[in-house]
There are 2 protein chains.
Amino acid sequence: MPTVREASFDLFRARGMTTMFGNPGSTELPMLAEFPADFRYVLGLQEAVVVGMADGYAQASGRATLANLHTAPGVGNAMGAIFNAQANHSPLLITAGQQARAQITMQANLTNRDAIRMPQPLVKWAYEPPRAEDVPLALAHGAHLASLPPRGPVFVSLPMDDWGAAVDEADARHAIERTVSGRATADPEAVRALAARLERASNPVFVAGPDIDASGAWDAAVGLAERQRLPVWATPAPGGGRIGFPENHPNFRGVLPPAIGPVAQTLEEHDLILVAGSSVFPYYPHIPGPLLPEDAELIAITSDPDEAARAPMGAAIVADVKLTLEALLEAVPESARPAPEPNPGPQEIPASDPLDSSTVHSALAEVFPEDGIVVLESPSSTLALRNQLRLSRPGSYYFSSGGGLGFGLAASVGVQLAQPDRPVVCVLGEGSAQYAITAFWSAVACKTPITFLVLGNAEYAILKWFAEVESVQGAPGLDLPALDVASVAEGYGVKAHRVKGRDEVRDALAKALASSRPELVEVPVAPGMALF
Amino acid sequence: MPTVREASFDLFRARGMTTMFGNPGSTELPMLAEFPADFRYVLGLQEAVVVGMADGYAQASGRATLANLHTAPGVGNAMGAIFNAQANHSPLLITAGQQARAQITMQANLTNRDAIRMPQPLVKWAYEPPRAEDVPLALAHGAHLASLPPRGPVFVSLPMDDWGAAVDEADARHAIERTVSGRATADPEAVRALAARLERASNPVFVAGPDIDASGAWDAAVGLAERQRLPVWATPAPGGGRIGFPENHPNFRGVLPPAIGPVAQTLEEHDLILVAGSSVFPYYPHIPGPLLPEDAELIAITSDPDEAARAPMGAAIVADVKLTLEALLEAVPESARPAPEPNPGPQEIPASDPLDSSTVHSALAEVFPEDGIVVLESPSSTLALRNQLRLSRPGSYYFSSGGGLGFGLAASVGVQLAQPDRPVVCVLGEGSAQYAITAFWSAVACKTPITFLVLGNAEYAILKWFAEVESVQGAPGLDLPALDVASVAEGYGVKAHRVKGRDEVRDALAKALASSRPELVEVPVAPGMALF
């Protein structure tokens with residue numbers, strides 16, 4: 001009879017889950033014993049980094065990914081990253097060790113006292129098997145559930161003395177071999193009605209969300225926009241964890257503003273708003289106004305029942321975004337509407353010293369490889385980067401749609417491990433970098449040739465902008481004097497370059513992109529927001 | 001009528017809570033607007049550091065302490081540190097901003113969707129006031145509850161648009177002015193019975209736990225041990241977050257081993273085991289055996305009902321540790337038992353290259369100031385430090401009793417801010433330092449003259465020891481090559497010294513102790529555990 005460990009690793013193997021992200025503790029050691037040679041263990045030095053790396057890997061590989069944490073305190077350190085993974089619809093199978101069963105009830109040190117509640121409310125499912133022999137089935141349950149729509153993290157707590165127990169061979173085989181298919185297309189009747197509504201619209205518009213990319217629906221989204229002559233907006237940036245439509249496409253208009261009044265104002269002229277793969281909408285500051293332009297109708301396609309249920313306006317269709325957009329594309333004719341005015345492309349930015357972040361991003365755009373990937377966490381220059389780079393390939397952009405910092409630096413390591421042949425550029429604010437700073441060590445340890453671009457303005461620029469929006473004065477903690485990310489990164493073994501002028505930035509980025517090891521380019525930038 | 005902000009800050013002021021630890025986000029800005037000049041805001045660059053600093057400050061000041069976090073992701077990043085604060089019985093009033101009330105139901109970006117469940121199961125109480133005008137009373141409720149036994153973290157979620165609302169002046173005054181007294185001595189009958197039992201015992205022993213220090217019961221503990229001729233053990237190190245008895249006292253025997261069988265074996269000769277201010281017991285590896293020596297009786301005094309209820313053996317008295325030990329001291333006569341053999345003091349350690357951690361701690365002991373404080377997070381040399389230093393003053397030792405890493409480095413900043421006149425030495429393993437590494441920046445920003453002592457062995461030594469205990473082989477992730485804490489600390493502005501020989505270590509520590517700014521001494525040490 002196989003042991004719990006053998007059956008569990010066979011399960012992981014059968015599902016292609018042979019990369020495990022982790023930070024080990026005493027309660028995880030028995031799971032990791034005799035770690036199989038065909039598995040890879042990616043060590044993070046703090047658990048927020050472990051889950052951030054796993055999140056990036058899961059999104060960029062499209063596959064349920066293992067993150068192994070250390071009982072309650074390890075899960076605790078990771079909770080901010082689990083929040084991000086939930087917002088990102090990232091399929092993570094998170095496990096944590098637990099005290100030996102004999103010591104749980106007396107709550108010996110390192111007991112995860114309330115293991116099932118510990119990761120709530122951020123996981124789809126949390127479980128601790130009541131017997132050792134149930135572990136493989138619980139892990140199978142978790143792996144399937146994480147991958148089913150809406151994708152997201154699940155959690156299994158694993159008592160440390162379970163791994164050597166025997167499991168029934170036939171039961172284990174069933175658990176390991178079964179498959180679950182979870183993609184479903186919308187009711188054909190709903191698709192036909194939507195197609196008819198679209199045809200009837202006088203001035204429809206398309207809003208592209210992150211789950212277009214996650215579901216592989218780029219071609220369908222582009223096809224639909226072209227066949228129906230739809231202008232296309234990206235969903236507001238705070239919720240735009242991935243890019244769902246080529247931002248250099250003539251139909252592309254830009255990124256929607258992240259507040260109620262401004263969204264309605266931006267979409268004013270449209271009578272039908274078709275949203276795909278996004279919540280409706282990821283608003284951020286509260287700027288009141290009508291939820292929709294007068295007489296406009298909104299219809300959203302999402303694979304997340306909660307996104308559909310909680311939206312304050314419009315109709316929603318819950319189904320796989322790709323299959324449903326494909327069905328819709330087949331159901332609509334070539335429209336007679338005129339094509340939208342072609343988008344003029346990035347704006348020129350006046351020269352400045354120190355550089356404006358937009359100028360830095362325009363320098364990045366000059367050397368950015370066609371198959372490059374951006375992992376972004378620079379809140380005050382998110383829009384500038386999108387506007388200057390106009391990323392236009394699937395799987396080219398990862399951003400924390402939940403708004404929690406700490407995603408970018410860690411996720412870039414996971415993205416690079418999942419996509420070893422594509423150049424990864426991780427763009428960070430000096431403040432953002434701090435939330436997962438030890439990921440530099442993992443980037444070096446894993447030999448990931450990431451190019452880190454760090455913008456330094458000695459402040460939390462997004463908060464100063466927000467303070468203005470909210471008329472807040474005299475708040476402490478918004479300045480970041482004496483932060484030197486380049487030196488800290490060097491301390492972790494990353495080669496760092498400090499550059500100031502636009503050409504120097506471009507050349508340093510080109511060199512870093514050509515390097516086979518992680519390199520960092522730090523640039524002082526002007527304070528404030530960079531929007532264009 | 002005062003605003004919510006005015007009444008809340010008056011409440012904090014009235015309770016001496018004028019130091020706020022935080023990492024601000026957009027949802028906290030309205031709370032921080034016009035931050036009063038008599039308050040101090042201590043900025044942490046990641047939320048685990050914010051709560052770790054607040055935990056150290058709360059323990060070393062003995063006062064409920066404010067930690068202000070950024071909605072769900074900020075609370076998430078801090079959950080490991082909140083786990084530690086719970087284990088440390090640290091009175092924290094944790095607040096987090098929340099979306100504007102108008103945008104919570106639609107779950108706009110940065111909504112803390114399930115705010116009350118988010119910090120569970122690690123807080124005593126979690127609440128989100130249903131109306132703006134309830135905020136001051138909710139904060140008062142939290143501050144009182146955090147300070148009442150068993151002390152621990154509480155959580156209040158604060159919608160960002162509440163701060164300008166008006167509150168009733170008389171209601172606010174009541175909330176601000178009321179006091180709550182929560183220390184209670186044990187039933188006199190229980191104290192008399194315990195005194196009689198102690199007198200009757202032929203060979204009683206005393207086990208000193210962390211809450212002796214937290215409750216201010218050192219004098220009573222020493223008085224009792226001396227009057228009753230009790231040998232004294234410290235509770236097992238994993239649960240010994242503070243030291244409850246002078247470790248250079250003749251009656252002191254040592255630190256109990258952290259496992260069931262070995263504890264019973266160590267206490268074999270005793271017929272009565274009196275435990276104060278500890279759980280019974282903070283076991284760590286599972287080494288089975290009898291819970292108590294045959295025919296021995298155990299009686300524990302604890303202010304934590306849960307510690308009392310969950311213990312697998314012995315009787316317990318739930319009451320304030322100090323008041324109850326004082327009452328017991330008054331109720332017992334001078335014993336006729338012979339005094340315990342005087343403790344021989346620290347062991348000599350043979351010379352080695354690289355140095356043994358014990359040798360490093362013996363060098364530290366040579367220059368350690370009488371009023372010094374150690375904040376410790378070096379799992380593989382915890383016992384060596386205790387054995388070599390024999391700390392013997394109240395409030396001289398802080399360690400994470402929950403076992404979560406990330407406490408030490410952050411807490412040392414809070415301890416130093418709470419005890420500006422006492423020299424603080426923070427002893428870290430190179431691996432431990434990574435869980436809260438950005439606290440170096442806060443140490444510099446706050447001009448805290450902490451001496452950091454970092455031991456480098458290029459491994460998670462405690463895990464290799466544990467793997468041996470559990471017969472685990474072939475586990476990945478236990479080596480830490482190329483970690484250079486000194487360089488990273490320098491990147492954050494800490495002056496760092498790399499030293500190797502024993503005399504160099506001693507001299508470097510002496511210099512760092514004399515410095516008025518944070519300095520770090522990094523020492524390569526031999527691999528493995530240091531127990532003596």
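(A salt bridge here is a side-chain nitrogen of Lys or Arg within 4 Å of a carboxyl oxygen of Asp or Glu.) The model is a predicted one, where local features need pLDDT of at least 70 and side-chain atom pairs count only at pLDDT 80 or more, while totals for chains, interfaces and linings use all residues. Residues are numbered from 1 along each chain as its sequence is written, chains are lettered from A in the order in which they are written, and side-chain values use heavy atoms, with hydrogens and water left out.

**Where the chains meet**

- The rule finds two salt bridges across the interface of chain A and chain B.
- It also finds 26 residue pairs in polar contact there, both residues being at pLDDT 80 or more. (A polar contact is a pair of N or O atoms within 3.5 Å; within protein, one must be able to donate a hydrogen and the other to accept it, and residues adjacent in sequence count only if both atoms are side-chain atoms.)
- (Helices, H or I of at least four residues, and strands, E of at least two, are DSSP runs numbered from the N terminus.)
- Between them the two chains bury about 6900 Å², with 63% of it on carbon and sulfur atoms. (Buried area is the accessible area, with a 1.4 Å probe, that two parts lose on being put together, summed over both.)
- In chain A, the residues that lose the most area to chain B are A:L29, A:M106 and A:N109, together 9% of what that side buries.

- Helix α7 of chain B covers residues 169–177, and its buried residues are B:A172, B:A175 and B:I176. (Buried means under 20% relative accessible area, exposed over 50%, and partly exposed in between, using a 1.4 Å probe and protein chains only.)
- Looking down the axis of α7(B), those buried residues fall within an arc of 95°, so they line one face of the helix. (The arc is that of the directions from the helix axis to the C-beta atoms.)
- B:H174 and B:E177 sit on the other side of α7(B) and are exposed.
- The buried residues of α7(B) pack against α1 (4–14) and α6 (135–147) of chain B.
- The N-terminal end of α7(B) is capped by B:D168, with a side-chain oxygen 3.2 Å from the backbone nitrogen of B:A170.

- A:D353 and A:P354 are linked by a cis peptide bond, with omega near 0°; A:P354 is in the loop between α13 (321–331) and α14 (357–367) of chain A.
- Another cis peptide bond joins B:V280 and B:F281, with omega about -15°.
- A:R229 isn't a glycine, yet its phi is positive, about 55°. A:R229 is partly exposed at 23% relative accessible area.
- A:A482 also has a positive phi, near 65°. This residue lies in the loop between α18 and α19 of chain A and is exposed at 64%.

**A buried alanine**

- B:A221 is in helix α10 (residues 218–227) of chain B and is buried, at 0% relative accessibility.
- Leaving out residues up to four places away in sequence, B:A221 touches B:F206, B:I212, B:G244, B:F245 and B:L325.

**Salt bridges elsewhere**

- Over all chains, the structure holds 45 salt bridges.
- A:D10 and A:R13 form one, with their closest N and O atoms 2.8 Å apart. They are three residues apart in helix α1 of chain A, so about one helical turn separates them.
- B:R229 and B:E334 make a salt bridge at 3.1 Å, N to O. This pair links distant parts of the chain, 105 residues apart.
- B:R229 is partly exposed at 23%, whereas B:E334 is exposed at 53%.
- A:E366, A:R502, A:D503, A:R506 and A:D507 are joined into one network by salt bridges that share partners.

Note on methods. Contact = heavy atoms within 4.5 Å.
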